[in-house]
Structures are given as structure tokens and as C-alpha cells.
Amino acid sequence: MGILGGLFGALFNQFNTIITRYRMNHIAKKKAHRLLRLCEVLLVAAVTTSVVFTLATTLGSCVNVSKSNHTKEFQSEVKTFFCPDGKYNDMATLLFNSQEEAIRQLFHQDGAFTLSTLGNFFICYFLIACWTYGAAVPSGLFVPCLVTGAAYGRFTATILQRIGFANIYPGTFALMGAASFLGGVVRMTISLTVILIESTNEISYGLPIMVTLMVAKWTGDLFNKGLYDIHIDLRKIPLLEWESPEITENLIAKDIMDTRLSCIGLKPKVRDVEHMLRSTTHNAFMVVAPIGGGTSESTVVISNVPQAHVQEMSALDKGISFHEPFLYNTVIAQNEDQFDESFITRTRIQTRIISYIDVVKKEQGGARIASSTSGTAATLYSDDVVCPQLRFLGIILRSQLVTLLKYKVYDKQTVLSHNEMTKDFPHFSQIEDLTISDYDRSKTLDIIHYINPCPYTVIPLTPVSRVFNLFRTMGLRHLVVVDGCGLLCGVITRLNLTHDFLHNCLHQQQHETTE
């Protein structure tokens, strides 16, 4: 029972994976995807209704009501469906009752269903449940799998009775079939054992259910993952494992951090904040202050900083790499042996930056302007200007910025209380819901009272295994990477800790090492 349940569960997962990929590629990506998803639901409903009536009409068997199940409760639940008096349609009884009632029928009614009915019902329910799961309808997986597995177990018990095992109880096989098929689909063991024991109120079935679930899980794992894990991978949800992967032992925070950041000053213009919120989907933004090229009340918004290329700097200094110098400069040590070199004097750092800028300017033939057509402040870097480094001050959330724009907290106005800032939790307003006038766009937004000045931070040389454990234990969404001088280097999110991303980082690191 466990082996066959695991095989059926693996087949169910494979079919559903194919359907889900097709649904994501041909329905979700279309412009009219909402209408297409609605049409798919209507198609599923129409096909399901047609199949149910066709099966009940053509493949249902009229079974006599025996004395063993001749009770008032049973008579109220069976469906005659064109059968003469004293008989009932076994296929209609399974299809036209609720799923919970169908499970109870399969568990407790002895000799109530024919072998052909159980086989056809299993195939029909298997395919319909596989197609329905993942559609734009609140369909479940737990109960349909129990119904399908119970039909499979009852089918097995009927075959055994016909070949000579007359003393077996079909309800027990229905329970084991439900457990094996559900375990083969979702690959859970202990929790399913507890759920099924509590549902049946039979503690004596604990060991058989546990053994069946374990065998079903082991069998299914030979072919694919559990259905929940498959959908997590397909939708690219950054769900972290319980333990850090082994490949994290060879990586440090600098290898996986994202340098394409959206940064904001303490007193930015409203138009800059609005553009940043509309052009990005980040949940949090780094609050920074330039060193040497501005004040902590800078109104400059630095958005979508491009990722640095270490190989461009390697010609000047093998031990130091810089992020894009025209917008964002942070010194990072390449390895632990050269870490002390990153804590050099400010004069030497600026000298290296100027040398790098001179090299790039010679290649590009002059000064370079870093600007944005969206209204963010433009900065000209010429021979007399050294681009500032960014000192990390804290983090501010997207919901906080939207709330400040919603209540028009500009300039020196009254500071909002915590209750006012969280009044709309958890359904905060979106930037698309706000209408900001041209007059308000020219004003300044003061965010100094709303930033989180002490988020969790790590240095670039922190092992990724420690970063992983920090995300798991503290439930973080983002982790800021700063150097020993408090300069912003990058940020790490859950996306940077997924299995595929870590493998890509390790492959890139090995490729750079061989070069």
C-alpha cells in the first residue's frame, strides 16, 4: 500500500507540475491574464460537472441495499439516480455527496461499492484534483487526496476479498490507502499520522499508518519532491531550509550581497521619493549620508545603483574592489589576509578612488554625468569633484514612506505617532493609491524620526552560514552589509540565500579563481 501510494503521489505531482508550468507560461504572463484565469475556472467547472454526470449515468452500478447497511443514516446519504426501488447508484453516491461524506462512506460502509466503480472513481478524481489544484479557485489538496487514496485502498481491499481474503475489513484498507496517497503527494509523516489518528479516533492504527506514510514518502522521493515544495520552487518563493546548505561554507557575505540598491537621504524631495516608490518594488530602503561630498540632510535619492565589477579595479589594486564610483563607493577587502588594508586612512582611500576615476575618465574621454530623467538629482563628476562615499544611517520601510506621503508630513510638521503610522496595518496604502500635486512634489520629506537606526548588520567577510542562521533565527527580510567604517556595501535578502542563487555565486567565485 505504501509503495503504490508513493508511486501514485509522485505521478500526481508530475502531472500537476506540467499543468502548473503551462498555466504560468500561457495564462499568467498574458496581458488579459485575469480574464484567462476566470475562463480556466469556468472550463474546470464545466468539465467537472459534465464528467460527474456522465460517470454517474453510464458507469454507475445499481447496488442492492443490504441488511448490513440498511440504516436510516445510510438511506439518507445514498443516491438512487435512476435506479429502481431498493437499490442505489454507488457512483452517484460517491460523486454527489460532499467529500467528507464520501470519505465516511469509503471508510465505514461494507460492500457498498463495486470494483469498477471504485476504479473509475479513483481515475476520475485523480485527474480532476490534479487539474484543479493551482487554478484561480480556493481548492484544497488535503481532502481530495484523502478521497482519492481511500478509493484506491477500498479498491485493493475488494480485490483481496475476491481472491479469497474474505475476513479483511475494507475500511482499514481505505484508511491506509488515504494515508499512503496523501503521504506520497505532500511527503509528510509525523503530522499526517497524528491528524489521521485524531480523525479516526483509533490509536491502534498509529504504527501501521506511520509505516505506510514512511514507505510512501521514501518511494515518492525517488522521483520528485513533495507538491508543496514543487510549487514553492516554481513560484520562486525564497523559503529557507532548516539548515544552511553545505556550499555556504565556501562563501562570505561579499559574494552574495546585492549592490543594486535604492538609497535615500534624510531629507529627500517628495518627487524623488515618489519616483523611487513607483519605479521599485523594494520593501525597505537604505538611509545614507555622503562623506566628503555632502551633508547628512542631502536631498539626493540614489536609485538602482549598478553592481560593481571587481575585475575593473583589479588592475589598480588586487586587494580592493569598488562599487560604481560615480554613485556609490565602498571599500571591501577581498580576503581575510587583506582585511587590515581596508582600514587605511581616508586620504589613501580617496587617492585610490581618484586614481580609479582618472582611469575611467581617460577611457571614456572626459567627465561623466550620473543623472536620472525622473527628476532625481544629477551629479557631475569632473576633475575638481570627488564622488562621496555613503555612510549607512538606517533603514526605512516602504509602508512608512507611503504613510508619510499620505499624511503629507513635509518639512517641519508634527511628527506622527506610532499608532498613526501603524493604523492601516496590515493593509497599508500603496503609492498607486496616492495623488500628489506638483506643489507638494517640490517639498522636502523629513524622515529622521521614522528610520530604524539599528538594524541587523554584518561585515563583508561574514560567513554565509552565519548569515543564513541569522535569517532563520531572527526572521529577517533584509540584512545590511557595512564595512568597519560604517560605509554601506550592500544588502542581503532571502533571495540571496536560495539554493540556486548560492550555486551561481559559488560557480562565479570558482570561475574568477581559475582566471
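Biologist: Which residues of H10 are buried?
Modeller: In this predicted model, the buried ones in H10 are Gly206, Ile209, Thr212, Leu213, Ala216, Thr219 and Gly220.

Biologist: And what do those buried residues pack against?
Modeller: Three helices: H1 (2-28), H8 (170-186) and H9 (190-200).

Biologist: How far apart are the end C-alpha atoms of H10?
Modeller: They sit 22 Å apart. H10 covers residues 206-221, and at 1.5 Å a residue its 16 residues should span 22 Å, so the two values agree.

Biologist: Is Asn224 buried or exposed?
Modeller: Buried. Its relative accessible area is 15%, and the cut-off for buried is under 20%, so Asn224 falls on the buried side.

Biologist: What does Asn224 touch?
Modeller: Leaving out residues up to four places away in sequence, Asn224 touches Ala10, Asn13, Gln14 and Arg187.

Biologist: Which residues form the nonpolar patch on the surface?
Modeller: That patch is made of Ile3, Leu4, Leu7, Leu222 and Phe223. Together they have about 520 Å² of accessible area. Ile3, for one, belongs to helix H1.

Biologist: Switching to salt bridges. How many are there?
Modeller: The count comes to 13 salt bridges. One of them joins Asp258 to Arg260, with the closest N and O atoms 3.2 Å apart.

Biologist: What does Glu274 form a salt bridge with?
Modeller: With Arg278, and there the closest N and O atoms are 3.1 Å apart. Both residues lie in helix H13 (residues 270-279), four residues apart, which is about one turn of the helix.

Biologist: How accessible are Asp438 and Arg441?
Modeller: Asp438 counts as exposed, at 63% relative accessibility. Arg441 counts as partly exposed, at 25%. Salt bridges that share partners also join Asp438 and Arg441 with Glu274 and Arg278 into one network.

Biologist: New topic, strands. How many residues of S10 are buried?
Modeller: Seven of its nine residues, so strand S10 (residues 389-397) is mostly covered, going by the under 20% cut-off for buried.

Biologist: How many bridges join S4 to S10?
Modeller: Eight bridges join strand S4 (residues 284-291) to S10, and the two run antiparallel. As one example, Pro290 stands opposite Leu390 in S10.

Biologist: And the whole chain, how many helices and strands does it have?
Modeller: There are 20 helices and 13 strands. The chain has 515 residues, and buried ones make up 45% of them.

Biologist: What share of the contacts comes from residues 24 or more positions apart?
Modeller: Among contacts with a separation of 6 or more, residues 24 or more positions apart account for 73%.

Note on methods. Residues numbered from 1 in each chain as written. Predicted model: local features only at pLDDT ≥ 70, side-chain atom pairs only at ≥ 80, totals over all residues. Heavy atoms only, no water. Buried < 20%, exposed > 50% of the residue type's maximum accessible area, 1.4 Å probe, protein only. Pairing = 2+ DSSP bridges. Contact = heavy atoms within 4.5 Å. Expected span 1.5 Å × (residues − 1). Patch = residues over 30% accessible without salt bridge, like charges linked within 9 Å, V, L, I, M, F, W, Y side chains within 5 Å. Areas by Shrake-Rupley, 256 points an atom, 1.4 Å probe, with all protein chains shown as cover. Salt bridge = Lys/Arg side-chain N within 4 Å of Asp/Glu carboxyl O.
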